[in-house]
Amino acid sequence: MRTILLLASVALSRVASAEQCPADFDEFIGAFETSAEFQIEHWKRPLTYRYLEASANAEPKPVEVAVTLENAGEFAGVEFPSAAQRAQEKLEQTVAAPDPKTRVVRLSLEHSDLEIKYVFQQTAACWELTRVEDTAL
């Protein structure tokens, strides 16, 4: 019975989110960057996180993990920084639209190998973060 109530609560939360979701990506990303709760509501489950694992003896190797709410704290790169955090860390943000239903938000640091890409897909209900690619060493 608890499982049914929990699933119903999540479903109702998603319906409410869909009604409150900005259709315009610029408005959506504004809400996404200012609210951790809004971010979590608009993650694909599980979220794909790709990063480079550096070791002292070998070339960096790409790693891909499935991030859930339970293990999200283990992967700092999946959290989308606020405008204030980006300004403090001097991160540059660019947005690309490879197709009408996809947006790639790229955060980078000038004169550095730091680059993180956040890939969003538009669904019937809203925009959703589907993948994070962290290529920094």
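Reply: Let us begin with the disulfide. The torsion about the S-S bond of Cys-21 and Cys-126 is about 65°, so this disulfide is right-handed. The model is a predicted one, in which local features need pLDDT of at least 70 and side-chain atom pairs count only at pLDDT 80 or more, while totals for chains, interfaces and linings use all residues. Residues are numbered from 1 along each chain as its sequence is written, and side-chain values use heavy atoms, with hydrogens and water left out.

Me: Why are Cys-21 and Cys-126 called a disulfide?

Reply: The term applies to a pair of cysteine sulfur atoms within 2.5 Å. The sulfur atoms of Cys-21 and Cys-126 are 1.6 Å apart, so the pair meets the definition. A search of the whole structure finds one disulfide. In general, a disulfide is a covalent bond between the sulfur atoms of two cysteines.

Me: What makes a set of residues a nonpolar core?

Reply: The residues must be buried Ala, Val, Leu, Ile, Met, Phe, Trp, Tyr or Cys, joined through side-chain atoms within 4.5 Å. The largest such core here has 24 residues, and those with the most contacts inside it are Phe-28, Tyr-118 and Phe-120. At least two residues of this core come from each of H2, strand E1 (43–55), strand E4 (102–108), E5 and E6. H2 supplies the largest share, four residues.

Me: Why is the pair of Phe-28 and Phe-120 called edge-to-face?

Reply: Rings of Phe, Tyr and Trp (its six-membered ring) pair if their centres lie within 6.5 Å; planes under 30 degrees apart count as stacked, over 60 as edge-to-face and the rest as tilted. By this rule there are twelve aromatic pairs. For Phe-28 and Phe-120, the centres are 5.8 Å apart and the planes stand at 80°, so the name follows from the rule. This pair links distant parts of the chain, with Phe-28 in helix H2 and Phe-120 in strand E5, 92 residues apart. Phe-28 is buried because its relative accessible area is 0%, and Phe-120, at 0%, is buried as well.

Me: What makes Phe-32 and Phe-120 an edge-to-face pair?

Reply: Their rings are 5.1 Å apart, centre to centre, with 85° between the planes, and this gives an edge-to-face pair. Phe-32 is in helix H2 and Phe-120 in strand E5, 88 residues apart. Phe-32 has 0% relative accessibility and so counts as buried. Phe-28, Phe-32 and Phe-120 are among the members of one aromatic cluster, which also includes Tyr-118 and Trp-127.

Me: Why are strand E2 (58–67) and strand E3 (92–99) called edge strands?

Reply: The open sheet has six strands in the order E2-E1-E6-E5-E4-E3, with mixed pairing. E2 and E3 each pair on one side only, and this is what marks an edge strand. E3 pairs with E4 in the antiparallel sense over six bridges, and a hairpin joins E3 to E4 through two residues. The bridge partner of Val-95 is Val-105 in E4.

How values were computed
Buried < 20%, exposed > 50% of the residue type's maximum accessible area, 1.4 Å probe, protein only. Pairing = 2+ DSSP bridges.
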